[in-house]
Amino acid sequence: MGKPQFTQQFRSIWLKDELFKDWLHEVKEDSSKAFCKACCTTIRAKRSDLVNHSASQKHKSSIGAIKIHHRNSITFKPLA
C-alpha cells in the first residue's frame, strides 16, 4: 500500500511570494485550491503545482497579455 496523501491547504504567505503575488488568489469555498487571476483557472493548493503552473506556456502567455494591457489602460467612449 502507498503512503496516505496529505491534502495541502492554501497558505496566505504565498500571496507575498514574488513568484505568486501578482496572480495568485485564495479560493474561499475550498482551502485545498488556489485561483490564477491571469488564466482564470483553479489549481490544487500545493506549492509544486503552483510553481509548475507559473512555468506553463498558458500562464506565461496570460501574464504577458496582462502586462501589455494594464488595468484602466483601455478607455471607452460613451455612446452618444
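Are F10 and W14 buried or exposed? F10 is buried, and W14 is buried too; here buried means under 20% relative accessible area, exposed over 50%, and partly exposed in between, with a 1.4 Å probe and protein chains only.

## What you're looking at

This is a predicted model, where local features need pLDDT of at least 70, side-chain atom pairs count only at pLDDT 80 or more, and totals for chains, interfaces and linings use all residues. Residues are numbered from 1 along each chain as its sequence is written, and side-chain values use heavy atoms, leaving out hydrogens and water.

The protein has 2 helices and 3 strands, running β-β-β-α-α from the N terminus. Both are DSSP runs: helices are H or I with at least four residues, strands are E with at least two. Of the 80 residues, 26% are buried.

## The sheet

The 3 strands make an open sheet in the order β1-β2-β3, with antiparallel pairing (two strands pair if DSSP finds at least two bridges between them). β1 (24-26) and β3 sit at the edges with a single partner strand each, so one side of each has no neighbour in the sheet. On average, neighbouring strands are turned by 40° against each other, direction ignored.

Between β1 and β2 there are 3 bridges, and E26 stands opposite A34 in β2. Strand β2 (residues 33-36) is joined to β3 (residues 41-44) by 4 bridges, with F35 partnering T42. These two strands form a hairpin with 4 residues between them, and C40 in the turn has a positive phi of about 55°.

## Aromatic pairs and the core

A search of the whole structure turns up 2 aromatic pairs. Rings of Phe, Tyr and Trp (its six-membered ring) pair if their centres lie within 6.5 Å; planes under 30 degrees apart are stacked, over 60 edge-to-face, and the rest tilted. F10 and W14 have ring centres 5.6 Å apart and planes at 85°, so they're edge-to-face. For F20 and W23 the centres are 5.7 Å apart and the planes at 85°, so this pair is edge-to-face as well. F20 and W23 are both buried.

The largest nonpolar core has 13 residues, and F10, W14, F20, W23 and L50 are among those with the most contacts inside it. Such a core is a set of buried Ala, Val, Leu, Ile, Met, Phe, Trp, Tyr and Cys residues joined through side-chain atoms within 4.5 Å. Leaving aside residues up to four places away in sequence, L50 touches several residues, including W14, F20, W23, A34 and I43; contact means heavy atoms within 4.5 Å.

Methods:
Axes are lines fitted to C-alpha atoms, for helices over the stretch in contact, and angles run from 0 to 180 degrees between N-to-C directions.
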